[in-house]
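Try each task before reading its solution.

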Amino acid sequence: MITLPGISTSEIPVNNPFVELYAPGEKAIYDVLNITFLVDMELKSWLEVHDWLRALTFPTEYEEYQNLANINKYTTTANSSRPQYSDGSVTLLSAANVPYFKFNFIDLFPISLSGFTVSATDSPESIITADATFRFAYFNVEKLIKTI
C-alpha cells in the first residue's frame, strides 16, 4: 500500500485596506511518501531500508556514512556523488492490471522505518508488513497509456 504525497504552497498576504488578499507562494511543499511493504522471509526489503537509514545517520562511527555508496545499490549514475539519495518510481495499474500511470520520485531518502511483529503462534500464511516514510525533492507523473 502506498500513500501518494500531496502538494501545497504557502500563501503570501498582500496589503490591502479593504479585504484580506493573498498571493501564491513561491515553493512547492510536498507531503512525505508513505509505503507499506511486505517483509520477506530473508528480511531483504526491510534491511535495505534499515541499512540505508542507518548509514545516513552514522550512529556508531563516521565510516558508516563513508560506506553509504556500497549500501545503496540503487543510487543512479546521476547521483553517484550523492549516495544518500536515490530516484524511485511507483506504477499504478488499471483495473485490467495494465500499467497506467508512473510516478517518478527524484532524490528520495528514508526518514523512518517501522518495526514489525512476529509471533510463535503465527501461521505460515501470515503476512508481515512494515512501513517506510521517505522525503524527496519532487515527483513527476507520466501517463503510460494514451486514451482515445
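## Exercises with worked solutions

**Exercise 1.** Find where D107 sits in the chain, and decide whether D107 is buried or exposed.

*Solution.* Start with the secondary structure: in this predicted model, D107 belongs to strand β6, which covers residues 99-113. Next, take the relative accessible area of D107, which is 15%. The cut-off for buried is under 20%, so D107 counts as buried.

Now look across to Y138. Along the sequence, D107 and Y138 are 31 residues apart. In space, their C-alpha atoms are 7.7 Å apart.

**Exercise 2.** Work out which residues make the nonpolar surface patch, and classify V14 by its accessibility.

*Solution.* The patch is made by V14, F18, V19 and L21, and has an area of about 400 Å². Pick out V14, which lies in strand β2, residues 7-14. Its relative accessibility is 37%.

**Exercise 3.** Describe the protein chain as a whole: its elements, their order, its contacts and its surface.

*Solution.* Begin by counting elements: there are 3 helices and 8 strands. Then read them in sequence order, which gives β-β-β-β-α-α-α-β-β-β-β.

Turn to the contacts with a separation of 6 or more: 55% of them join residues 24 or more positions apart. Of the 148 residues, 22% are buried. Finish with the accessible surface, about 10500 Å², where carbon and sulfur atoms account for 57%.

Terms used. Residues are numbered from 1 along each chain as its sequence is written. This is a predicted model: local features need pLDDT of at least 70, side-chain atom pairs count only at pLDDT 80 or more; totals for chains, interfaces and linings use all residues. Side-chain values use heavy atoms; hydrogens and water are left out. Helices (H or I, at least four residues) and strands (E, at least two) are DSSP runs, numbered from the N terminus. Buried means under 20% relative accessible area, exposed over 50%, partly exposed in between (1.4 Å probe, protein chains only). Contact means heavy atoms within 4.5 Å. Accessible areas come from the Shrake-Rupley method with a 1.4 Å probe; for residues, only the protein chains shown count as cover. Patches are made of residues with over 30% relative accessible area and no salt bridge: like charges are joined within 9 Å, nonpolar side chains (Val, Leu, Ile, Met, Phe, Trp, Tyr) within 5 Å. A salt bridge is a side-chain nitrogen of Lys or Arg within 4 Å of a carboxyl oxygen of Asp or Glu.
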